[in-house]
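Hello,

Here is the structure I said I would pass on. My notes on it follow below.

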Amino acid sequence: NSAMTYDPKAMMVASAFLASKVEDATVDIRYLEEATKQMQAPVMQTEIIDAELALISGVHFELLCFHPYKTVLAYTEDLRTYLKTDQGKVLATFPPGNEDRPIVGEDLRPLHDEARRVVDDACVSDVILLASPGQIGLAAMVVANEDLQAEQQKREQAVGGGGSTNKEEPRRPIVPNIDLLTYLDSRFADQGEKARQDLRLRISETCDMIRALREGKYGCGNHGIDMVKLKEVHKRWKKCRSGETKKKKKKKRKAEEEGDGESEAKKTKAS
């Protein structure tokens, strides 16, 4: 589906309109039209309806979408129980001074929240089209775990391991370092060595893509966006679309004129 055929702006609004219907929280189409006007990117109601029909047809009427957010939640819930088992206890380690502390469910909240933020970046990039939701969710947790550990080490180095020096600043929770790849190996032990190696490879590749998002790669809409270039591309694209629209109108007008000519000829013959 080319952007020369379907207006991405209209498709974006139509997607929001369709999503509200699917979630049984329908938004009045007039509000959507008014919102686009306030954003100085007006999309008329007729354009939204036409785009919605094209969107439904394009997804083959499959309105159930799977997102990486559910993967993050599912694995977080599984970790809550697995890390308390004899096999799982060795996979989570706390910083020095807290080694003997037992892990609790609340210790996984920072990992869950950070992984969701990573998924936010992936969902506005090409990564969502290059990997499955499950792979993105797992890779997001791996990257989030790395980020949390790096941030925690910086804090410890800054304060010499003695905690926060600012009394007004709330003390950050202690985040355990979780060996997620070993966790995957243990959870998918029945899949065979080759299957586990393939899974590790796919997760590693997805992690590399997610790390690159912060550099503005893979078209991530949250990082490295040059609005000047983007507006220039939009102007050129708009001119191309207006040219295509004019051609279609000319063809339609010509067809109508030919039709009128044929009908006049028939009337003349009949008389």
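**What was found**

E33 is buried, with a relative accessible area of 13%; buried means under 20% relative accessible area, exposed means over 50%, and partly exposed lies in between, using a 1.4 Å probe and protein chains only. The model is predicted, so local features need pLDDT of at least 70 and side-chain atom pairs count only at pLDDT 80 or more, while totals for chains, interfaces and linings use all residues. Residues are numbered from 1 along each chain as its sequence is written, and side-chain values use heavy atoms, with hydrogens and water left out.

E33 sits in helix α2 (residues 29-38). Helices here are DSSP runs of H or I with at least four residues, numbered from the N terminus. Leaving aside residues up to four places away in sequence, E33 touches V43, M44, Q45 and I48, where contact means heavy atoms within 4.5 Å.

Next, the aromatic rings. Rings of Phe, Tyr and Trp (its six-membered ring) pair if their centres lie within 6.5 Å; planes under 30 degrees apart count as stacked, over 60 as edge-to-face and the rest as tilted. This rule gives two aromatic pairs. In one of them, the ring centres of Y75 and Y183 are 6.2 Å apart and the planes are at 85°, so the pair is edge-to-face. Y75 belongs to helix α4 (residues 68-82) and Y183 to helix α9 (residues 180-187), so the pair ties together parts that are 108 residues apart in sequence. Both Y75 and Y183 are buried. Ring pairs join Y75, Y82 and Y183 in a cluster.

A cavity is a set of points on a 1 Å grid over the protein atoms alone where a 1.4 Å probe fits but cannot get out, and lining residues have an atom within 4 Å of a point. Grid points are joined across faces, edges and corners, and a volume is the space filled by probe spheres set on the points. There is one cavity of 30 Å³ or more, and the largest cavity holds about 40 Å³ of space. Helices α8 (133-159) and α9 are the elements that give two or more residues to its lining.

Finally, how many disulfides does the whole structure have? The search finds zero, a disulfide being a pair of cysteine sulfur atoms within 2.5 Å. C207 is buried at 3% relative accessibility, and C220 is buried at 0%.

Regards

How values were computed
1 Å grid on protein atoms, 1.4 Å probe; cavity = no way out; pocket = protein on both sides within 12 Å on 5 of 7 lines; lining within 4 Å.
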